[in-house]
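Below are some brief notes on the ligand site. Please read them alongside the model.

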Amino acid sequence: MNKLKIGWAGLGNMGSPMALNLIKAGYELIVYNRNREKEKELLLAGATSAADLPNLAAEADIVFTMLADDAAVKSVYNEQDGLLAGAQAGKLLIDMSTVAPETSRYLSKLCADKAVAFLEAPVSGSVQPAREGKLIILAAGAVQDFEKAKPLLDSLGKLTLHLGVAGSGSSAKVAINYLLAINVQALAETVLFAERNGISNADMLTIINEGACGNGIIKLKTPAILANNFPPAFALKYIVKDLKLAKGAGLDSALSNPLLSTFEAAAADGLGDEDLMAVIKYLRN
Ligand code: NAP
């Protein structure tokens, strides 16, 4: 058993498998999730449950968060009844959620004011890489905090990068998710264009995947398109969030605005909780 005690808040689709990997790597884990039901799997695997967020921060040496969005992270970090109500000077907090670069800078300052160390470490990769410990981790913050966290981050990912000062990790994350959104919408439009001209989805996807246009995300989404079934690995509502974060961070390009409109319309059509590839259902209609 590793000597560090690790805290984890946010046991959703990503947080649960990631936290589980820390237990597998030999760390003592204490967890907190707003909906306590979702703690069960981790408790069965050997984690303990924190009474509340201040206790989580007080009991653990390092606390990870993997939460829905900026509002959730700010609420979990708050100084009244959140992590910063319990974190003593010298603790290290690591936020792995996808949030605005501005939010990461805000959290960094909030922590620094209490002499609490802070790293942002958003991830590229979805639920399967999270399970396999093969995420790409986009960390930013003070180098000595990064060095302290690196063995833990290496248990969660296949590649851990230090990208610079606060905000850099989140900037890289919203950029890569822009490319993800382009790929997914382009794939949907291509398959539907071929479909309207009598080419089956199976044939079109074979042509794409066997040729130079095939890529990792297309291969990953192929089974869902063929089954016309889109259980959320990466919920469509989160790509809407991330495209808005990119826009907020200054992205204003020929592709970015129509992309955001399409995914927003798909979410408004009731597809927000399905996988982002469900945009094909919206476009088909
Ligand atoms: P998820 O399954 O929806 O889980 C969201 C988590 O946030 C849950 O633990 C939820 O708690 C918690 N939460 C939401 N609002 C909260 C609040 N106000 N206070 C406290 N906790 C709150 O999401 P996910 O797919 O794991 O994604 C988590 C983050 O990773 C997001 O920022 C997402 O953009 C990013 N991300 C996701 C993927 C992916 O493929 N899924 C990949 C890379 C990055 P409850 O259970 O109580 O609702």
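1. A polar side-chain atom of Arg-34 is 2.9 Å from a ligand oxygen, a polar contact being a pair of N or O atoms within 3.5 Å. Asn-33 places a side-chain N or O atom 2.7 Å from an oxygen of the ligand. Thr-98 uses a backbone N or O atom, 3.1 Å from a ligand oxygen. The protein buries 88% of the 900 Å² that the ligand exposes when taken alone (Shrake-Rupley method, 1.4 Å probe).

2. This is a predicted model: local features need pLDDT of at least 70, side-chain atom pairs need 80 or more, and totals for chains, interfaces and linings use all residues. Residues are numbered from 1 along each chain as its sequence is written, and side-chain values use heavy atoms, with hydrogens and water left out.

3. The shell around the ligand has 24 residues (a heavy atom within 4 Å). Asn-33, Lys-38, Ser-126, Ala-233 and Tyr-238 are the closest.

4. Domain 1 (2–166) and domain 2 (171–284) both contribute shell residues, so the ligand lies between them. The bounds come from an automatic or database domain assignment.

Note on methods:
A polar contact is a pair of N or O atoms within 3.5 Å; within protein, one must be able to donate a hydrogen and the other to accept it, and residues adjacent in sequence count only if both atoms are side-chain atoms.
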